[in-house]
Amino acid sequence: VQLQAFGGGEVQAGSSLRLSCKAAGINFRLHTMDWYRQVPGKERELVATISSDHSTNYVDSVRGRFTISRDNVRGTLSLDMQSLGVEDTAVYYCHTFARGSEFWGRGTLVTVSN
């Protein structure tokens with residue numbers, strides 16, 4: 001199983017950014033997919049989840065600003081982030097459970113500056 005996340009970068013506060021994650025080695029459409037983020041020195045935080053039936057859930061701090069979506073044909077997970085603030089600065093990881101194990105993408109850095 002491989003998860004490749006990309007799309008991070010450095011943006012100004014108030015900007016938007018789209019993260020994507022390409023999955024390989026799993027029957028993508030069957031699996032719940034997540035985005036996590038981690039700030040150095042802090043625990044990894046679950047940001048958003050999308051299940052196989054496309055139902056979604058968000059941590060309170062991003063609800064209304066972030067949108068998680070999936071393309072089951074392309075095997076791609078996305079996270080559209082709007083109204084970014086400095087508090088959103090983190091390394092973002094895509095994640096799933098498959099075959100009884102956890103799988104993580106390498107992570108993509110999002111830096112938001114004032």
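Is threonine 49 buried or exposed? Threonine 49 is buried, with a relative accessible area of 16%; buried means under 20% relative accessible area, exposed over 50%, and partly exposed in between, with a 1.4 Å probe and protein chains only.

Before I continue, a word on the source. This is a predicted model, in which local features need pLDDT of at least 70 and side-chain atom pairs count only at pLDDT 80 or more, while totals for chains, interfaces and linings use all residues. Residues are numbered from 1 along each chain as its sequence is written, and side-chain values use heavy atoms, with hydrogens and water left out.

Let me stay with threonine 49. It belongs to strand β5, residues 45–50; helices (H or I, at least four residues) and strands (E, at least two) are DSSP runs numbered from the N terminus. Beyond its neighbours within four places in sequence, threonine 49 is in contact with residues including Thr32, Asp34, Asn57 and Ile68, where contact means heavy atoms within 4.5 Å. With aspartate 34, the side chain of threonine 49 makes a polar contact of 2.9 Å. That term denotes a pair of N or O atoms within 3.5 Å; within protein, one must be able to donate a hydrogen and the other to accept it, and residues adjacent in sequence count only if both atoms are side-chain atoms.

I turn now to the disulfide. The structure holds one, defined as a pair of cysteine sulfur atoms within 2.5 Å. Cysteine 21 is joined to cysteine 94, with an S to S distance of 2.1 Å. Because cysteine 21 lies in strand β3 (residues 17–24) and cysteine 94 in strand β9 (residues 90–98), the pair ties together parts that are 73 residues apart in sequence. The torsion about the S-S bond is about 60°, so this disulfide is right-handed. Cysteine 21 is buried at 1% relative accessibility, and cysteine 94 is buried at 0%.

Finally, the aromatic residues. Tyr36, Tyr93 and Trp104 form one aromatic cluster. Rings of Phe, Tyr and Trp (its six-membered ring) pair if their centres lie within 6.5 Å; planes under 30 degrees apart count as stacked, over 60 as edge-to-face and the rest as tilted. There are two aromatic pairs in the structure. Tyrosine 36 and tryptophan 104 have ring centres 4.8 Å apart and planes at 65°, so the pair is edge-to-face. Tryptophan 104 is partly exposed, at 32% relative accessibility. For tyrosine 93 and tryptophan 104, the centres are 6.3 Å apart and the planes at 90°, so this pair is edge-to-face.
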